[in-house]
Amino acid sequence: MAAALRPREEKSLEDFYINRFGRPLYSMFFEDYTQKVWGLHPSRLGADWGAQRVKGLSVTEILKDMLMKGLRRKPRHVETSLIESFIYPKLGPGQLWETVAGRMEQAGGELRMNERVTAVHVAENQVDYVETVSPDGTLTRRPCDYLFSSMPLKDLVASLTGIEVPQEVRQVAAALPYRDFITVGLLVKELKFKNKTHVPTYDWRIPDTLIYIQERDVKIGRLQVFNNWSPYLVKDYENTMWIGLEYFCNEGDDMWNMSEQDFIGMAIAELVKIGFVNRDDVLDATQVKVKKAYPAYHGTYYELDLVRAFLDGISNLYCIGRNGQHRYNNMDHSMLTAMKAVDAIVAGTTDKAAVWSVNTEEEYHESK
Ligand SMILES: Cc1cc2nc3c(=O)[nH]c(=O)nc-3n(C[C@H](O)[C@H](O)[C@H](O)COP(=O)(O)OP(=O)(O)OC[C@H]3O[C@@H](n4cnc5c(N)ncnc54)[C@H](O)[C@@H]3O)c2cc1C
């Protein structure tokens, strides 16, 4: 707690964590996990990620939460990271978007999937059309009244045509850092340990959805239990469990280049090593790779304002979402950026400040 009395200047993510949790807890819970997620030590990462990810969570908030629970009282405000239950769509969040897509089409809208935007053409500081390519290679020009872009900023800037992009804007955008992601799904008969919490669960299975793996001797960063998101996600819920192992890497590195078979073999061996499963209980496995899963906060990220100022000058272009803003936005933030863009259009303003302001509140400074 001494750390909280004499806060360090927050130059890095390490400072951010130590101010909120103290050095011992930082070393135990954040240092190695953060290194796994970003491939960089927290002392080399900006404090911004902590502000957006951890928000108001701190030792004080955790103790308050524990005390209130001990007294069986409902706190007035619960930090997101301490929430114990939430509403989840039966078949996962994709259902939200299927519903949105259905309503949009019912209202006369047209949805085109599996077309890649390869060029964004600008004339007189307005997006005129985008050029798309379909899986069979067909190129199509699609005229735009407005363009909401959720493609990575790096790709957006590279795809601009008809407008002179200043050299420094091009350079900053081209060098924006990302972290890529590989997940392995394992179908298992059971996990090696049972639920010891007060939360009732089927067959005393553990109640967790996400488990963070701090151990430095394994590469796995996080583990999901899909049965606990929704029982409808697992075909034979009573006799099997689908778990997801999460690995953070860079496109083209050793992990990325491993064959699927070797990667799954490594993932199973790690899970056996940390005592989660018995090797003989693994029934099936699959692997999914995700490029640019995480916009990263180092390098030219700190010059992003240059890119933003340039793109804001294109009047009918709105940068929304996560990679669309190169910000660690979750789904709620991402939706909100699109809603703010709609508000701006309805209000007849080309000011994009409200769109960019989502998820920038630095309430942790205020709470100090
Ligand atoms: C492992 C992981 C776990 C997460 N867990 C959660 C969670 O529990 N809760 C939460 O709220 N958020 C979570 N998120 C974050 C959430 O996924 C994002 O905030 C959200 O998906 C961002 O929405 P988006 O529309 O900006 O981007 P995306 O959902 O990434 O959509 C962008 C789309 O644009 C497409 N695209 C890119 N380039 C082009 C192009 N040139 N032409 C055409 N299409 C293109 C992409 O293929 C993609 O379909 C998680 C993210 C990851 C990686």
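Two strands count as paired if DSSP finds at least two bridges between them. Helices (H or I, at least four residues) and strands (E, at least two) are DSSP runs, numbered from the N terminus. The model is a predicted one, where local features need pLDDT of at least 70, side-chain atom pairs count only at pLDDT 80 or more, and totals for chains, interfaces and linings use all residues. Residue numbers start from 1 along each chain as its sequence is written.

Now to the sheet. It is open, with 4 strands in the order β3-β2-β1-β5 and mixed pairing. Its edges are β3 (139-143) and β5 (160-161), each pairing on one side only. Strand β2 (residues 126-133) runs antiparallel to β3, and 5 bridges join them. Within this pair, T132 sits opposite T140 of β3.

β1 (116-123) also turns up around the ligand: β1, β10 (282-295) and α12 (331-347) each supply at least two residues of the shell. The top contributor is α12, with 3 residues. Of the 16 residues around the ligand, those that come nearest are V117, M151, G321, N330 and M331; a residue is near if its C-beta atom, placed from the backbone, lies within 6 Å of the molecule. The shell splits into 6 nonpolar, 6 polar and 4 charged residues, with Ala, Val, Leu, Ile, Met, Phe, Trp, Tyr, Cys and Pro taken as nonpolar, Asp, Glu, Lys and Arg as charged, and the others, Gly among them, as polar. Because domain 2 (107-176 + 298-363) and domain 3 (178-293) both give residues to this shell, the ligand lies between them; the domain bounds come from an automatic or database domain assignment.
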